Amino acid sequence: MIINFEQFTLGNGLRVIFHKEPSTPMAVVNVLYDVGARDENENKTGFAHLFEHLMFGGSINIGDFDSPLQEAGGQSNAFTSNDITNYYNILPAHNIDTALWLESDRMLSLAFTPKSLEVQRQVVIEEFKQRYLNQPYGDAWLQLRPLAYRKHPYRWATIGKKIQHIKDASMEDVRTFFKKYYHPANAILCIVGNFELETIKQKVDYYFGDIPAQKKSTRKIAKEPKQKKFRSKRIIRNVPTDAFYYAFAMGSRLDPQYYLADLLSDHIGNEKTGILYSELKIKKKLVNEIGAYITGSIDNGLLIITGKLNPRINFEHLDGALWDVLEKYTSRPITQPALKELKLKMQTAKAFQDQGLLNRAMNLSYFELLSKANMINEESTNYMRIQALDLHHFAKGILRKNNCSLLQIQAKR
Amino acid sequence: MIRQIQYHKPINRSIAPAIQSIDKINFIAPEKIILQNGVCLFWKSGIQNQTSKIELHFEAGSSIDDPLTAGLCAGLLINGSSTKNAKQIQKALDSVGSYYDVSLNQDTAVVTIYALNNQLLKAYRIFHEHLFDAIFPQKEIDNLVQERKQKFKLQEQKVSFLAQRLFQQKLMDQSSYGRLIEFEDYKRANRDKIRAYHSQYFLNGLHKVFLIGDIKQIELNDLIGLLNAYKQSTLQRENFTWKAQKGVQHLVKKDAVQSALRIGRPLFNKTHPDFIAFSILNTILGDYFGSRLMSNIREDKGFTYGIGSHILENRQFGYLVIGSEVGINNREATISEIQIEFKRLQNQLVGKEELDLVKNFLLGQLLKSADGPYAMLDLYANVEVHDLDLNFYEKYIAEIKSIKPEKLRELAIEYLNWQDMLIISAG
């Protein structure tokens, strides 16, 4: 399925993508800001995400973001990653003006109330506890990131390094952050719905056109040096079972090898049919669960092999067996039928993903940020052209011990 | 009369754009095909893309017989037949690019297969062949038991899991719905029982089938032929009667930095005359981002990352549950704020502004829930399960539009009495 869209840029630098979908009575308004946790100061981490919360606390002319949107029959939410902050609104198409009015006003300026900052600091601290501290293995990524990254700001998670950083956030920090990152040239607006292009142009210009232009700041991010040696760390936690995370350094999102890494992680990590599952769980009975995936970040990502040990199995048992399996895997290329299957599954998954309006809006915005929105239509080809030997060479290159960082979480006994 | 928005610059940002409310939503029922075995197949076509999905609903849910056997049987349906082992069956499903999933609720086990529309029949055939020929190899049972035991240990570390279990046990006390799997139960996993369950509740327990996708007529005929191999479920369940417990119970979990709360009471499902009006009241209380509970406990006090109030339903009944995870030190304060919100709804009429907002919000959400063939089929399934039809949503719209604050207060007085609540916390 081809996703058709139109693009234009306002005088103030706001990039706009419009995708017409005649079959829906709803509209999606998605605003992506080119700022994520990787842009944070290492002594003030968790800030991009805290800021996302503040974006719902009222803007310069509007007391509260959510109420007018809900009154228009819509809803809104947002997420922050290490790379981006993405806000989305879904509402009945005939009320699209409400979403544009709200999004444009908070791009213009926030209300910056001390109460909003105070409350959202508390909310985010509770989020920190709920998701990272009060869950078994909840802090795994807080531990794994600084192990796998030495220089790059990916060494901290979007929630932040520690609660203290969130407590310390000041109103001055908030203002500075807004000024630097929340302006038209640093944003991508995507609209999906049953509209005419001219209508969209008129509306977008009306609501966003007079927001002052500002120069996009250049990003100076420390490049992660190529990993040369195996790293490992073991921590003890109050968890029921020993868990392991093997993180292999991979390239950036725009590296053509991204697609190889994605297919590779599927091939080795699939439940029941993948080599990790069949060798280490079924045959050797070392693990209770095992899988693989990639992080898919914009800068250098990670291919993760993770799982939990069976009772009475220790990390050394698993470690030896895992490297044996990987060696066996990289010693010969994938068979043609297996490659065909992987690609077909990828096609099925993509067809289902492309169905959702919100997915389309987010992906168009994200690909525009990466390089160009039309990447959304080129993804399939990038997977389909992969050959067995490409995958073979890639696997040999990446699944090496010197390219790996290992985190082990040992259960307290 | 709708005011046209005039795009005259400069823009006055302090004035909200005019909004239109929703008057009508088109609800379209799927095609209903009654199979020779009596099972209804609901088919939605005209998808305009290549995706397709089949959902088989079996009356094999966790509350029907033994929950342990139900869970293991559902998890092992296609993990070994006389011709193929679990991996080979999965490989066969992979070879047609399909995804397979089983979920289990209190009433029903639902098998879902996703595939491109030209592969769906092939994928279903693979499932069908190995389901009917399932042998439940002992080593697969052992494997799954081991997996579930470890998952159980993991879940036990979570305050939300502990609170939810205790809540369910106490609320659905002395009924099969309140029966839960305990860790020790895994010792009595039994192959014969699983085999018997498979035969009784799956092969002879098909209840409904939902199909979506542009499938060729000839393939549909083949599919129907296969589906006729099942026997329709003839399950008769005893009428459920409430013996719910009330009052406060706290479960201590050492080292927890947050407490999970579950507060609720027995209620009803969609078949009850108060359901729609109460669900409007529930939205105001705690079922959207701007709700009373979210505004007070998250956005004003910052006690939690989230709090919500929900009406959960099954075929026989429904119940109200408010859930949240809050800092240990704020547990008592949160509980008393929830109580204050109940009292406010009982003592003061909901204001016009808030009620209008919620009305518009609910209609907008319904429009979204009806958007596209997948959403529409889900909407249909949600009423069909209670032997209702799409007319329910017409009534829902009419009731949203006409409901008065007095009615909401009446419902709050009847259903939101603090002394009727079961209040569970863990942490």
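Student: How many aromatic pairs does a search of the whole structure find over all chains?
Tutor: This is a predicted model, in which local features need pLDDT of at least 70 and side-chain atom pairs count only at pLDDT 80 or more, while totals for chains, interfaces and linings use all residues. Residues are numbered from 1 along each chain as its sequence is written, chains are lettered from A in the order in which they are written, and side-chain values use heavy atoms, with hydrogens and water left out. Rings of Phe, Tyr and Trp (its six-membered ring) pair if their centres lie within 6.5 Å, with planes under 30 degrees apart counted as stacked, over 60 as edge-to-face and the rest as tilted. Over all chains, the search gives 53 aromatic pairs.

Student: Which parts of chain B does the pair of Phe342(B) and Trp418(B) tie together?
Tutor: The two rings are edge-to-face, 5.3 Å centre to centre with 75° between the planes, and both residues are buried (under 20% relative accessible area, where exposed is over 50% and partly exposed lies in between, with a 1.4 Å probe and protein chains only). Helices (H or I, at least four residues) and strands (E, at least two) are DSSP runs, numbered from the N terminus. Because Phe342(B) and Trp418(B) lie in parts 76 residues apart in sequence, the pair ties together helix 10 (residues 331–347) and the loop between helix 14 (405–415) and strand 11 (422–426).

Student: What area do chain B and chain A bury between them?
Tutor: Contact, meaning heavy atoms within 4.5 Å, joins 72 residues of chain B to 75 residues of chain A. Buried area is the accessible area (1.4 Å probe) that two parts lose on being put together, summed over both. Of the area buried here, 55% is on carbon and sulfur atoms, and the total is about 6,500 Å².

Student: Which residue of chain B forms a salt bridge with Lys345(A)?
Tutor: A salt bridge is a side-chain nitrogen of Lys or Arg within 4 Å of a carboxyl oxygen of Asp or Glu, and the count between chain B and chain A is six. For Lys345(A), the closest N and O atoms are 2.9 Å apart, and the partner is Asp94(B).

Student: Is Leu357(A) buried or exposed?
Tutor: Leu357(A) lies in helix 13 (residues 357–370) of chain A, and, leaving aside its neighbours within four places in sequence, its contacts include Val28(A), Val192(A) and Asp371(B). Its relative accessible area is 15%, so Leu357(A) is buried.
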